[in-house]
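Please read the notes below alongside the sequence and the model, which is a predicted one.

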Amino acid sequence: MNSDSGYIKTVFGLKLKQQRQKKNWSLQDLAVKTGLSKSYLNEIENGKKYPKHDKIIQLSESLNCTFDDLVSTKLDKSLAPFNEILQSDFFKEVPLELFGINKNNLISIISDAPKKVTAFINALIEISQNYNLGKERFYFAVLRSFQELYDNYFPEIEEKVVQFAHENKLELKKNLKTELLEHILIEKFNYTIQSENFEKFGTLDNLRSLFIPEKKLLLLNNKLEKDQKTFILAKEIGFNVLELKNRPNTYSWLDFGSFEEILNNFYAAYFAGALLISKEKVIEKTSDFFLENNWEPKSFEDLISNFTHSPETFYYRLTNVLSSELGIKDLFYLCLVKKKGSDKIQILKELHLNHQQAPHANATNEHYCRRWIAVKNLHHLKENETLTDAQISHYKDQGVSYLVISTSQKNPFSDGSNRSYCLGVLLNTQTIKKINFIKSSSLKTINVGVTCESCSIADCEVRQAPPVRLEKEHFNLTMKNSIEKIRKEIL
């Protein structure tokens with residue numbers, strides 16, 4: 001809880017509710033017995049108000065309990081499991097308000113069945129421990145859910161970008177130069193910006209920038225490519241324009257102390273993407289691209305080059321505008337990575353808009369489908385090459401198909417790992433009408449799975465592991481059918 005006062009109010013409300021429920025009284029019943037208003041009693045039970053001494057006496061006499069039964073902060077056995085949650089940082093760390101959840105309503109739900117709800121929460125904690133879901137991964141999962149809830153489109157930030165551009169006479173439809181953004185940070189926000197060799201401090205290539213707030217000093221890794229530097233500068237402008245005080249000071253390695261830091265980091269990155277890739281221009285160019293009759297990888301690479309040399313920035317910007325502006329609402333975005341000298345594929349970033357499409361990242365070390373275009377690109381990628389391609393991925397087990405466009409490249413800021421960025425658009429009546437090249441002969445339809453362990457494609461030439469999950473499901477189904485036969489024969 002945020003304070004001792006809040007904790008005391010909450011505990012009193014819980015105990016009052018418990019005493020009332022012991023007598024099977026409604027709030028109206030208690031109001032009649034005590035002469036206190038129903039709304040006032042409701043606020044007490046929800047932890048919003050703490051009654052004065054004389055009111056507590058009225059309540060205890062009406063409920064036939066002692067004064068101490070109500071005012072003591074010691075919880076009895078039935079509410080004891082709730083005590084740990086109340087005194088923890090649970091309500092502070094989980095940003096319930098982002099999802100329209102009232103903390104007091106949640107407390108009320110938990111108090112109605114404290115043992116069952118606490119058992120459920122403990123089960124989630126145990127699952128998170130088994131899958132190594134630490135606080136940071138939990139925060140990122142919450143952030144991703146928040147983005148998906150709003151279709152990853154935040155008009156308030158878009159408006160801030162337009163306003164900032166107008167105030168500083170920036171033409172958003174033209175690519176903003178690195179030098180201009182650097183000038184704005186220095187002149188408008190009093191920054192000092194220096195190039196630094198971070199490797200001599202033992203950070204290798206994992207740190208791209210470091211902001212030292214005491215001096216308003218921004219240190220940039222001297223190995224940065226131009227687009228990387230531009231994005232960092234735009235993001236720093238975002239922190240200042242959006243007045244985000246609680247923020248991480250490093251990039252791309254991040255050490256978060258709270259969810260607010262993660263959220264603010266996302267807001268600043270969103271601002272940077274919107275500043276560097278104009279919404280109007282990307283809508284115009286992407287709409288024209290969708291009108292083309294044939295799929296040509298070069299056309300998509302040219303589309304990206306209109307805005308940036310960073311495929312990642314462009315792919316992610318598309319997730320902001322496709323749903324909100326072009327009416328393509330069912331899509332997913334993935335960033336996959338393959339480390340040098342390893343065949344293991346990891347999903348580094350993911351986003352699913354409108355509903356939870358496959359594929360999802362998993363923490364069970366299962367093998368992602370080698371038929372995905374993004375994975376095939378990773379394996380075929382040559383040194384210093386950028387490879388773009390697309391396919392129609394038919395998820396045989398789910399019965400759905402996606403147009404999946406992917407670009408792969410050597411990660412310029414790592415130990416030689418390769419990355420693939422991909423955008424998947426669900427094929428339905430609406431999207432087929434909007435994207436002309438869906439029927440292009442150059443687009444192949446490929447049956448795909450999610451992981452080898454859960455895939456039913458029998459003749460897969462690139463299978464990495466047997467379908468153990470399907471085999472277990474088949475075994476369970478066989479057992480159920482056999483038991484049903486026994487029951488019918490005996491009955």
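D151 counts as partly exposed because its relative accessibility is 23%, a value that lies between the 20% limit for buried and the 50% limit for exposed. In this predicted model, D151 has a positive phi of about 55° although it is not a glycine, and its place is the loop between α10 (135–149) and α11 (155–167).

**Backbone geometry elsewhere**
- E243 is likewise not a glycine and has a positive phi of about 55°; this residue is found in the loop between α13 and β4.
- With a relative accessibility of 61%, E243 counts as exposed, the limit for that class being over 50%.
- The peptide bond that leads from Y251 to S252 is cis, with omega near 5°, and S252 belongs to strand β4.

**The sheet and its helix**
- Four strands form an open sheet in the order β1-β3-β2-β4, and their pairing is mixed; β1 (192–196) and β4 (250–252) are the edge strands, each of which pairs on one side only.
- On average, and with direction ignored, neighbouring strands of this sheet are turned by 20° against each other.
- Helix α13 (residues 226–241) packs on the sheet and touches β1, β2, β3 and β4, while its direction makes about 160° with that of β3.
- Strands β2 (residues 207–212) and β3 (residues 217–221) run antiparallel and are joined by 4 bridges; I212 has L217 in β3 as its bridge partner.

**A nonpolar surface patch**
- F475, M479 and I483 make a nonpolar surface patch of about 300 Å², and F475 is located in helix α20 (residues 468–490).

Technical notes:
Residues are numbered from 1 along each chain as its sequence is written. This is a predicted model: local features need pLDDT of at least 70, side-chain atom pairs count only at pLDDT 80 or more; totals for chains, interfaces and linings use all residues. Side-chain values use heavy atoms; hydrogens and water are left out. Patches are made of residues with over 30% relative accessible area and no salt bridge: like charges are joined within 9 Å, nonpolar side chains (Val, Leu, Ile, Met, Phe, Trp, Tyr) within 5 Å. Accessible areas come from the Shrake-Rupley method with a 1.4 Å probe; for residues, only the protein chains shown count as cover. A salt bridge is a side-chain nitrogen of Lys or Arg within 4 Å of a carboxyl oxygen of Asp or Glu. Helices (H or I, at least four residues) and strands (E, at least two) are DSSP runs, numbered from the N terminus. Two strands pair if DSSP finds at least two bridges between them. Axes are lines fitted to C-alpha atoms, for helices over the stretch in contact, and angles run from 0 to 180 degrees between N-to-C directions. Contact means heavy atoms within 4.5 Å. Buried means under 20% relative accessible area, exposed over 50%, partly exposed in between (1.4 Å probe, protein chains only).
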